[in-house]
Amino acid sequence: MNIILFGPPGAGKGTQSKYLANKLNSFQISTGDMLRDEINKNSEIGRAIVNNMDAGKFVNDDIINKLIENLISDPQNKNKLIFDGYPRSLSQAKNLEVLLKNTNQEIDLILFLKVDKETIIRRLEKRKILENRSDDKFDTVVRRYETYMKTTQPVLDFYSENPNFKEIDGSLEIDEITRKIDTFINV
Ligand code: AMP
């Protein structure tokens with residue numbers, strides 16, 4: 001199964017993606033993790049994106065599309081893709097359609113973890129203490145939430161017509177969300 005997880009930063013996409021990757025023996029594609037990796041390696045991409053990332057802004061679509069291209073077309077990952085944090089803009093969603101079509105794949109399930117701003121702020125304040133992520137500062141958290149909702153809304157509209165689009169209350173506890181997700185995957 002190929003699955004997309006949507007949800008603002010702090011909605012629990014990462015946790016549920018890891019769960020799904022494990023359960024379905026699939027491959028988690030977290031663009032956020034990949035970008036943080038580039039920054040840690042101080043690569044050319046890392047140096048180009050560090051300021052935007054730290055400010056809670058989106059990274060340029062071309063950089064993101066390039067990063068994931070090889071993963072999608074790798075035969076080992078075929079129909080085993082769990083997208084965590086991608087696509088986040090209409091241009092990325094359209095790019096994904098093309099990449100999947102070229103490799104004879106489709107999206108089987110689209111999950112939207114819906115959470116309000118107050119819940120996100122509470123959760124990310126906690127994560128800041130636990131993981132010390134530089135983009136988890138209060139102002140940045142709010143900006144990331146707002147950027148996400150603004151830029152991702154057209155993507156949600158794009159997918160919401162799809163019969164495989166499922167909205168889940170992301171303010172629930174982790175295992176309650178997992179239980180709901182389980183009802184959508186037929187294994
Ligand atoms: P995340 O770990 O998914 O919350 O992503 C952390 C940060 O990485 C975001 O605030 C963006 O700056 C950047 N980022 C991650 N995925 C994308 C994407 N698909 N498009 C643009 N920027 C992204």
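Let's start with the largest nonpolar core: of its 27 residues, Phe6, Ile72, Phe83, Leu96 and Tyr159 touch the most other members. By nonpolar core I mean buried Ala, Val, Leu, Ile, Met, Phe, Trp, Tyr and Cys residues joined through side-chain atoms within 4.5 Å, where buried is under 20% relative accessible area with a 1.4 Å probe, protein chains only. The largest share, five residues, comes from α4.

A quick word on the source: this is a predicted model, so local features need pLDDT of at least 70 and side-chain atom pairs pLDDT 80 or more, while totals for chains, interfaces and linings use all residues. Residues are numbered from 1 along each chain, and side-chain values use heavy atoms, without hydrogens or water.

What does Leu96 touch, leaving aside residues up to four places away in sequence? Its contacts (heavy atoms within 4.5 Å) are Ile4, Ile72, Phe83, Tyr86, Pro87, Ile107 and Tyr159. A second, separate core has 21 residues, including Leu109 and Ile185.

Now, the sheet. Five strands form an open, parallel sheet in the order β2-β3-β1-β4-β5. Strands here are DSSP E runs of at least two residues, and helices are H or I runs of at least four, numbered from the N terminus; two strands pair if DSSP finds at least two bridges between them. Thanks, everyone!

Technical notes: Buried means under 20% relative accessible area, exposed over 50%, partly exposed in between (1.4 Å probe, protein chains only).
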